[in-house]
Amino acid sequence: MKQDKVVVLDFGGQYKELIARTVRQLGVYSEILPGNTTAEKLREISPVAIILTGGPHSVYEQSSPKMDENVLKLGIPVLGICYGMQLVCYTLGGRVEPATTGEYGTVTIHRTTDSMLFDGIGDSAVLMSHSDRVTELPEGFTVTSSTADCPIASAEDVEKNIYVVQFHPEVNRTKQGKKLISNFLFKVAHARKGYSLTKVIKEQTELVKKQVGDHKVILGLSGGVDSSVVATMLERIIPGQVVCIFVDHGLMRKDEGDSIEKAFLNKNLTFVRVNAEQRFLKALEGVTDPEQKRKIIGAEFVKVFEEESGKFGDCFLAQGTIYPDVIESGANNSAVIKSHHNVGGLPKETRFLGIVEPLRGLFKDEVRKLGRILNMPDYLVNRQPFPGPGLAVRCLGEITKDKLDILREVDYIFNSELNAHKVKSDQSFAVLTPIRTVGVMGDYRTYDYVVALRAVKTNDFMTCEAQEIPYNVLRIVTSRIVNEVKGVSRVVFDITGKPPATIEWE
Ligand code: XMP
């Protein structure tokens, strides 16, 4: 029996992934497709339900994304969220206007009539974020809830199976949001649960075995969660056939290369650690421009990888591409090689027999969950993002081994103390600035580097705010750094949000 699928039509909303992930967490497979996907295409796909995302536009702008109105005639249950609601109402002849006061933040909805969508949900807190609103509903629709500033906060046409909400049920701040989506899936659309990561493992096992046969599969292993999960998964599926090439560019954090090696050494795979530190440092000599650094590291990585993988003859290439990479590349349906943000791009003209991408359909949180199912160690599964060019973009200006060593020690102390004091952060690291300042140690004058420490809180790494760190922890960290790390005379903390500051300094 084919598994039920929900299609999320994307109108540019920042929460599209959250919607798709919530649906999956509720046990139904979901996919994100462009907002202008035709009714014909959707008929072919035959989803059990369609959800329209929000988006930053106004429906009455000429260039705003529109939908194929026949989608609304397919009889497939539709849930329109925010812009999705406005678009449905506009498309069916309702009226959408700029609100006199926009609604941004948590507000309370008041239920107006019985509705399957709101089954078990009373007046409750929801997240609103809109400046336009629906002022006149299309024929056949009934209002199901309202707020003080938004008389039509949700509505439905049960006959047509169309449900719309102005608020965002997909975010945590909408307290009963998950319940609402669950009602939509199971009470309105009668979807059947059938999606789970164990099932994904089973499917991938069959697929990969069939794809690669007896051939070897080569994987560029960075130690990041995606490539580590791919390595672990493939080791289980095709034991003995996987070759992991870990290019140690000498730009890793303290002991990181060793811990990656330790995690993969006694496994049923070939682990190749290429100690290429000298090579990378040589290539980076005298380079100060951040983009130049990235390019050099990317190009050098490709060279090393090609040399090493060339030793293995005919083989497949495995990649840690995940679903957001697929969505962002706009290639929802076609096969693409991940344009490796991480490593500067693997060669397009590959000599490989094919590409193996077992995580291609998964979100990041699912990849981590999969890692836990596969009993991977916590430090790999929960690893913070680490830029492909490594410490090169955290060692400002020219890179030298001495500077990298200082940076490694500082970074290690900072993160150890955060862990010891249970300060959780989504990303935390040290930056070695090229600035030197005067200090005094004992009776001596010093003239050493300034290091900056940064810890951020973020959901998506597109924006962030500084992670608050208790003052006593800051004091301990600072004191340890200036006392234990030779070459550092001063410690500063970067508490700038993104925007305007990016997370990395370079
Ligand atoms: P920014 O600095 O752009 O960083 O705010 C956002 C996230 O991306 C990571 N980052 C990189 N990752 N190669 C990578 O693989 C890079 O060149 C790179 N630059 C930034 C950064 O660590 C943060 O998590």
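In which strand is Ile81 found? In this predicted model, Ile81 belongs to strand β4, which covers residues 78-81.

Let us ask next about its surroundings. Is Ile81 buried or exposed? Ile81 has a relative accessibility of 0%, and because buried means under 20%, Ile81 counts as buried. Leaving aside residues up to four places away in sequence, Ile81 touches Ile19, Ile51, Leu52, Thr53, Gly54, Val165, Phe167, His168, Pro169 and Glu170. Consider Ile51 from that list. Ile81 and Ile51 are separated by 30 residues in sequence, yet their C-alpha atoms are 7.4 Å apart in space.

I turn now to empty space inside the model. Rolling a probe the size of a water molecule over the atoms shows where such space is left. How many cavities of 30 Å³ or more does the structure hold? There is 1, and the largest cavity contains about 40 Å³ of space. Its lining consists of Ile109, Phe118, Ile121, Ser124, Val126, Phe167, Thr174, Gln176, Gly177 and Leu180. Phe167, one of these lining residues, is also among the residues that Ile81 touches. Two elements, β6 (124-136) and α4 (177-188), each contribute at least two residues to the lining of the largest cavity. Sorted by class, that lining has 6 nonpolar residues, 4 polar residues and no charged residues.

Finally, I wish to present Thr321. This residue is located in the loop between β13 (315-318) and α10 (323-328). Thr321 is buried, its relative accessible area being 2%. Which side chain does the side chain of Thr321 meet in a polar contact? The partner is the side chain of Glu357, at 2.6 Å.

Terms used
Residues are numbered from 1 along each chain as its sequence is written. This is a predicted model: local features need pLDDT of at least 70, side-chain atom pairs count only at pLDDT 80 or more; totals for chains, interfaces and linings use all residues. Side-chain values use heavy atoms; hydrogens and water are left out. Helices (H or I, at least four residues) and strands (E, at least two) are DSSP runs, numbered from the N terminus. Buried means under 20% relative accessible area, exposed over 50%, partly exposed in between (1.4 Å probe, protein chains only). Contact means heavy atoms within 4.5 Å. A polar contact is a pair of N or O atoms within 3.5 Å; within protein, one must be able to donate a hydrogen and the other to accept it, and residues adjacent in sequence count only if both atoms are side-chain atoms. On a 1 Å grid over the protein atoms alone, a cavity is a set of points where a 1.4 Å probe fits but cannot get out, and a pocket is an open set with protein on both sides within 12 Å along at least five of seven lines; lining residues have an atom within 4 Å of a point. Grid points are joined across faces, edges and corners, and a volume is the space filled by probe spheres set on the points. Ala, Val, Leu, Ile, Met, Phe, Trp, Tyr, Cys and Pro count as nonpolar, Asp, Glu, Lys and Arg as charged, and the others, Gly among them, as polar.
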